[in-house]
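Please keep the sequence and the coordinates at hand while reading.

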Amino acid sequence: MEMGQLWKGLVRTVFWSYERGSWPYDVMVLAIIAFVLLTPRGWFHDQPQSIDLGSSGVQLISGDDQAGTRVYRMDVKVLAPQKRSAKSTPELERETHDILGRKVEELKERTFQVLQIDPVSDGNGSVLYYDVTLHL
């Protein structure tokens, strides 16, 4: 096989210029399907980055009735992007307090205090959700 023919075949393959139904086209389609179906998922480190927090974006994690505390997990998507922070700030505490007061039925029309906010990040440092400790 000449170098020119080899180069022409490579160019036609890269630019997908074979006619549908031709044997080179079918081979390329089979190669793509084999790649998609047979490649181990772990090679791409493609793992889910968030947990399902329901439609409200807030989930009760734990509660201590004697101490009067509750820990809620709040999805970062519930906050406006400019309000998100990798550390606890007074503004984040106010915003978290307002959101929990609106979205959690047992906290509506009830007095509570945000004691602690623990941002939980992924491996890249992006905040996924907040674990918020409240005193009732």
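This is a predicted model: local features need pLDDT of at least 70, side-chain atom pairs count only at pLDDT 80 or more; totals for chains, interfaces and linings use all residues.

**Charged pairs**

Side chains of opposite charge can pair when their charged atoms come close.

| Pair | N to O distance |
|---|---|
| Asp65 and Arg70 | 3.1 Å |
| Arg73 and Asp131 | 2.8 Å |
| Glu105 and Lys108 | 3.4 Å |

In the salt bridge between Arg73 and Asp131, Arg73 lies in strand 2 (residues 69–75) and Asp131 in strand 4 (residues 127–135), so the pair ties together parts that are 58 residues apart in sequence. Both Arg73 and Asp131 are buried.

The partners Asp65 and Arg70 fall into separate classes of accessibility: Asp65 counts as exposed because its relative accessibility is 65%, whereas Arg70, with a relative accessible area of 13%, is buried. For the salt bridge of Glu105 with Lys108, the relative accessible area of Glu105 is 62%, which makes this residue exposed, while Lys108, at 36% relative accessibility, counts as partly exposed. Salt bridges with shared partners also join Asp65, Arg70 and Glu106 into one network.

**Strand pairing around strand 4**

Strand 4 is mostly covered, with eight of its nine residues buried. Strand 2 and strand 4 run antiparallel and are joined by seven bridges, and strand 3 (residues 113–121) also runs antiparallel to strand 4, the two being joined by eight bridges. Which residues stand opposite Tyr130 of strand 4? Met74 stands opposite Tyr130, and Pro119 likewise stands opposite Tyr130.

Strand 3 and strand 4 form a hairpin in which five residues lie between them, and Gly125, located in the turn, has a positive phi of about 90 degrees. When reading the faces of these strands, a general point applies: in a regular strand the side chains alternate between the two faces of the sheet.

Note on methods. Residues are numbered from 1 along each chain as its sequence is written. Side-chain values use heavy atoms; hydrogens and water are left out. A salt bridge is a side-chain nitrogen of Lys or Arg within 4 Å of a carboxyl oxygen of Asp or Glu. Buried means under 20% relative accessible area, exposed over 50%, partly exposed in between (1.4 Å probe, protein chains only). Helices (H or I, at least four residues) and strands (E, at least two) are DSSP runs, numbered from the N terminus. Two strands pair if DSSP finds at least two bridges between them.
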